Amino acid sequence: MPLVGRAFLIVATLALFHAAFSTYEHLSHLKAMERPEGQLPQDIIIEAFVALFLGILGASLNAPPLKEITWASEMNKRSIDEMESRPGFASYVNRGKNFLS
């Protein structure tokens, strides 16, 4: 699927650049005709929205698979010794009395 996703991203990028270039050409044509006001043609708007849709689809297909973030999946990766080790709570005072006597 990553190959299809990358292809969609490339096509979306090219379509978006083409829509931008077509918009520039249309606005320069309106400026040459001395009509600065005017609406964009529907085909440019549709092309931009199709490029947006293809870009979203390509990014979704190109993304890596989601990881589990539940506590159970985290416990499957670790042992109980790693989870229960608390060196900050270690108290060596009791052991020292027995060790030196």
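Trainee: Is E34 buried or exposed?
Mentor: Buried means under 20% relative accessible area, exposed over 50%, and partly exposed in between, with a 1.4 Å probe and protein chains only. E34 has a relative accessible area of 69%, so this residue is exposed. This is a predicted model, where local features need pLDDT of at least 70, side-chain atom pairs count only at pLDDT 80 or more, and totals for chains, interfaces and linings use all residues. Residues are numbered from 1 along each chain as its sequence is written, and side-chain values use heavy atoms, leaving out hydrogens and water.

Trainee: What is the phi of E34?
Mentor: Most residues other than glycine have a negative phi. E34 has a positive phi, near 60°, and sits in the loop between α1 (2-32) and α2 (42-62). Helices here are DSSP runs of H or I with at least four residues, numbered from the N terminus.

Trainee: Which residues of α2 are buried?
Mentor: An α-helix has 3.6 residues a turn, so residues three or four places apart point the same way. In α2 the buried residues are I44, A51, L54, G55 and G58. Down the axis of α2 they fall within an arc of 110° (from the directions from the helix axis to the C-beta atoms), so they line one face of the helix. The face turned away from that buried side carries exposed residues, including F49 and F53.

Trainee: What does H26 touch?
Mentor: Contact means heavy atoms within 4.5 Å. H26, in helix α1, touches Q39, L40, P41 and I44, not counting residues up to four places away in sequence.

Terms used:
Helices (H or I, at least four residues) and strands (E, at least two) are DSSP runs, numbered from the N terminus.
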